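Dear colleague,

Please find the structure below. My notes on what was found in it follow directly after.

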Amino acid sequence: MDFGLVLQADPPASAVVSLMRRAERNGFRYGWTFDSAVLWQEPFVIYSRILDHTERLIVGPMVTNPSTRTPEVTASTFATLNEMYGNRTVCGIGRGDSAMRVAGRPPNTLARLGEAIGVIRDLAEGRPADVGDHRVQIPWIRNGKLPVWMGAYGPKALAMAGRLADGFILQLADPFLTEWMVKAVRQAAADAGRDPAEVTICVAAPAYVGDDLDHARAQCRWFGGMVGNHVADLVERYGEHSDLVPEELTEYIKAREGYDYAQHGRAGSPHADFVPDAVIDRFCLLGPVAAHRERLEQLRALGVDQFAVYAMHDAKESTIDAYGAELIPAFA
């Protein structure tokens with residue numbers, strides 16, 4: 001199992017670079033950031049600095065979207081980083097929640113997302129692709145490689161990830177829901193004539209190493225609010241009680257009253273007060289090292305290839321170090 005570190009691109013950017021260097025020293029293989037142009041600094045600028053100050057770390061957004069940058073711009077940006085640093089990027093992509101809504105636009109349709117996955121990958125790897133009704137090819141790319149991983153929760157998105165994406169990103173670490181969603185992605189891959197094992201499975205969630213569970217929950221409760229924002233879209237689309245979406249995912253948002261993007265991904269966010277402790281315990285990895293090891297073993301048994309640590313809390317350094325000392329060596 002690989003491990004990744006997920007950060008927000010908060011200023012100063014030098015702090016993000018420093019934490020990514022720390023992660024590499026501790027055995028993390030991937031470095032991810034959020035991508036929302038209004039809320040945080042521009043991640044691709046920071047990726048260049050991270051790549052320049054690390055040797056092996058693979059970097060990318062969790063997740064970008066097809067509209068805040070056009071697909072040809074996204075592809076060229078990745079290809080430039082790959083040419084400079086040797087194919088050390090991955091494109092995480094989704095419909096665009098905060099990036100689009102903060103700018104006053106709705107998230108992208110799945111149709112637009114599905115089209116963009118192929119266009120970005122083809123262009124970034126030097127192949128021609130249709131951008132609208134115009135055939136485009138980036139002429140300077142040589143031996144480019146860009147895996148495209150798709151974030152998804154709902155049944156249609158999960159099926160698309162299985163059909164089209166090189167990897168699937170699930171932003172929660174509940175074993176029951178992970179099993180349900182991984183099965184859906186792998187079945188869609190098989191139905192499309194693909195080898196399901198070729199779809200990389202990445203689970204991303206907050207991890208907080210420490211004995212004070214109440215404090216850890218308080219630091220990570222925002223995550224239930226963020227996931228609830230996506231779940232609310234599913235409930236609107238499929239209804240409160242749908243055979244297509246497990247109630248283990250949708251039940252907890254009944255008390256949700258709204259979402260403040262100014263507090264997106266922030267510890268102490270008041271809009272996450274509705275999230276019960278039980279949901280935080282299911283979605284996140286909290287507690288002593290032994291508790292993290294037990295959950296990671298469950299996830300690995302379900303076919304998870306990478307666990308990405310969301311470190312949006314007050315124990316970034318100690319959690320990175322604990323994973324490097326006691327968990328990553330056990331799962332390498």
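The largest pocket has a volume of about 660 Å³. General principle: rolling a probe the size of a water molecule over the atoms shows where empty space is left. Here a pocket is an open set of points on a 1 Å grid over the protein atoms alone, where a 1.4 Å probe fits, with protein on both sides within 12 Å along at least five of seven lines; lining residues have an atom within 4 Å of a point. The volume is the space filled by probe spheres set on the points, which are joined across faces, edges and corners. Of the 35 lining residues, R95, G96, D97, Y153 and H230 are the closest to the centre of the largest pocket. The largest share of the lining, seven residues, is supplied by α8.

This is a predicted model, in which local features need pLDDT of at least 70 and side-chain atom pairs count only at pLDDT 80 or more, while totals for chains, interfaces and linings use all residues. Residues are numbered from 1 along each chain as its sequence is written, and side-chain values use heavy atoms, with hydrogens and water left out. Helices (H or I, at least four residues) and strands (E, at least two) are DSSP runs, numbered from the N terminus.

Q171 is placed in the loop between β8 (167–170) and α7 (175–191). With 10% relative accessibility, Q171 counts as buried (under 20% relative accessible area; exposed is over 50%, partly exposed in between; 1.4 Å probe, protein chains only). Not counting residues up to four places away in sequence, Q171 touches M62, Y153, A204, F223, M226, V227 and Y310 (contact means heavy atoms within 4.5 Å).

In helix α2 (residues 43–52), the buried residues are P43, F44, I46, Y47, I50 and L51. They are on the same side of α2 because they cover an arc of only 150° around the axis, taken from the directions from the helix axis to the C-beta atoms. Among the elements that cover them are α1 (13–25), β2 (30–33), β3 (58–61) and α3 (71–85).

Finally, how many disulfides does a search of the whole structure find? The search finds zero, a disulfide being a pair of cysteine sulfur atoms within 2.5 Å. The sulfur of C220 is 5.0 Å from its closest cysteine sulfur, in C284, and this is too far for a bond. C220 counts as buried at 0% relative accessibility, and C284 counts as buried at 1%.

Yours sincerely
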